[in-house]
Amino acid sequence: MEHQANYFSLYNFVPVGICVIDSNYEVIFWNTQLEIWTNIKQKDILNNSILEYNPRISEFKYKSRIDEIFQGGPPTVFSSQIHGSLFPSFKKGAKRQIHQTTVSALPAQKAGQYFAIFSIEDVSELSNRIREHRMAKELALEEVELRKKAEMTLRESETKLKELNATKDKFFSIIAHDLKNPLSVLLTVTDFLKSIWDDLSQEEIKEFVFDLNKSAKQLYNLLENLLTWARSQRGNIPFQPDLMDLSTVGQTTIDLLKMNAEDKNINLFSSIPANTFVYADNNMITTVVRNLTSNAVKFTPRGGRIEIKAVSGDDFIEIGIRDSGVGLSPEDIAKLFRLDVSHTTIGTGEEKGTGLGLIMCKDFIDKHQGKIWAESTLGEGSEFIFRLPKNLVKVT
Amino acid sequence: MFNEIQRDAFREIVNMGVGKAANLLNTIIGHHIHLNVPNLRIIKNENLDENFYGTNVNLSAVNLAFNGFINGACKLIFPTGSASKLVSLFTNEESDLEDFDAIRVGTLSEIGNIVLNSLIGTLCNQLKVNLSFTVPTYKEGFVKELFETSSPEDNSILILAGTTFIIEEINISGDFVLIVELGSLQLFKDLIDKYVGEL
């Protein structure tokens, strides 16, 4: 054994740990580098079993691979990441080393027999540096992620601010023009009436009062929409979905707008079957249907037709208000439901709109996770449709 | 080049080796690992299809050369991304670690070493042949770089066996490649014939 140890003494001058064992797992060489790393001297371990020094080696995952070496099998690798170290230090307080170990077959003097030579590379420093590098990289990536999130929040906040600004502009624009103008007209007409009242016939007075009433109604509708929208913007309209009958909404709307429709000889009707229940906010859906139907009345010429209908799909229900009115160009359709673009069309009876009703409708349908859009052909009429998802909608 | 019987015999030996490798890998990582070799192709090195993985795919290979009665080498090859994923599965690291550093290369070398040793060890045992081996090495590069030969006339035979690692329901595909030098080819075929004859 001493002789064999001398035979391998060249390995005392290499910067890697070298250990040679025979097929009985007895140590026949232990180089100087291993003495330093493990604090075990060659003289103390020579002729002793490596399994006593490290019993872990007797586990199947090590021994079955090392046994192959004694048959002259190919070299086997024990990587640092999976195994840490097969040659731990017995030095008190020594820092745990990380090793990459390769075990190869070394022909013994006796033909057909092999020793196993362990070549142990200290990769502790390398592992630590790689770990530090990884940590630094992870930290940098986290920082990038945080910055991305902050940028996204900023962008969202900017969009929100823009929306708020557009809302404010719209609000002021309505107060400045749409509310002021009809009020001015009312003032002018009443001033004029006051000055010529005594000269007017009963019939002329009736005509003036009829016009004044029409203006006041429009003004009232606008004010009502404006206040509802303002409440909605301030978050003062709670979203309270419940089971509601769409056919009732259709009928209520018809009752409310019947007079306006009759004035223009429009056939206004609902084809929604009785007991078409949906799970939605009654107030919001009623406001939406009323607004869309009121618009349809405005833009449908005398003798026209308006239908309120509902279609049930697999995972949605669609409510449509179809008219035989003036219709919309694709360019005008693109301007609908938008705060940042102003779109006003004068109705067939000179009715004036602000586009506010549609913006409010979109707000309410958005709250239902739904969708609202318009389909139209210029001169042939329009259909305003909103879709409510079935996961919110329960049709009985 | 190989008749159907020789192909079947080789496939059988590869399957034995693969089973042994899977068993050992199971013990090491403690997860159920399944290895299979669904297809086998035998081609000349000079005809190495550049579409083996595509010319621009970075590959990682663990290489084990041998000599003796027959001369050649064997390789376990993966696209580097798949190799990194495989290492992550073995080490329970995050799978998006794309850096293939020296430590992770060491781990892949061990995985490759276990598979190659099981396959080549089974081959040696079944064909009753003793070979000498070099220490396993790791190489990364495009397909041409992995199969670089010292001599331009080298026209070794490549036996390509598509290998799939299935770990935790994740499939990672690579290739086991056995390279037999042309001068050793007849001896290799004779050994397989002898193996078949003794069955």
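Is A:E203 buried or exposed? A:E203 is exposed, with a relative accessible area of 55%; exposed means over 50%, buried under 20%, and partly exposed in between (1.4 Å probe, protein chains only). This is a predicted model in which local features need pLDDT of at least 70 and side-chain atom pairs count only at pLDDT 80 or more, while totals for chains, interfaces and linings use all residues. Residues are numbered from 1 along each chain as its sequence is written, chains are lettered from A and ligands numbered from 1 in the order in which they are written, and side-chain values use heavy atoms, with hydrogens and water left out.

**Domains of chain A**
- Chain A is divided into domain 1 (2–122) and domain 2 (239–396), with bounds from an automatic or database domain assignment.
- Between the C-alpha centres of these two domains there are 85 Å.

**The charged patch**
- A:E203 sits in helix α8 (residues 202–233) of chain A; helices (H or I, at least four residues) and strands (E, at least two) are DSSP runs, numbered from the N terminus.
- Together with A:E204, A:E207 and A:D211, A:E203 forms a surface patch of negative charge.
- Such a patch joins like charges within 9 Å, using residues with over 30% relative accessible area and no salt bridge (a side-chain nitrogen of Lys or Arg within 4 Å of a carboxyl oxygen of Asp or Glu).

**Two buried residues**
- A:F87 lies in the loop between α6 (80–83) and β4 (99–107) of chain A, and is buried at 1% relative accessibility.
- B:L24 belongs to helix α1 (residues 4–29) of chain B and is buried, at 9% relative accessible area.

Notes. Patches are made of residues with over 30% relative accessible area and no salt bridge: like charges are joined within 9 Å, nonpolar side chains (Val, Leu, Ile, Met, Phe, Trp, Tyr) within 5 Å. Accessible areas come from the Shrake-Rupley method with a 1.4 Å probe; for residues, only the protein chains shown count as cover. Lys and Arg count as positive and Asp and Glu as negative; His and the chain ends are not counted. The place of a charge is taken as NZ of Lys, CZ of Arg, CG of Asp or CD of Glu.
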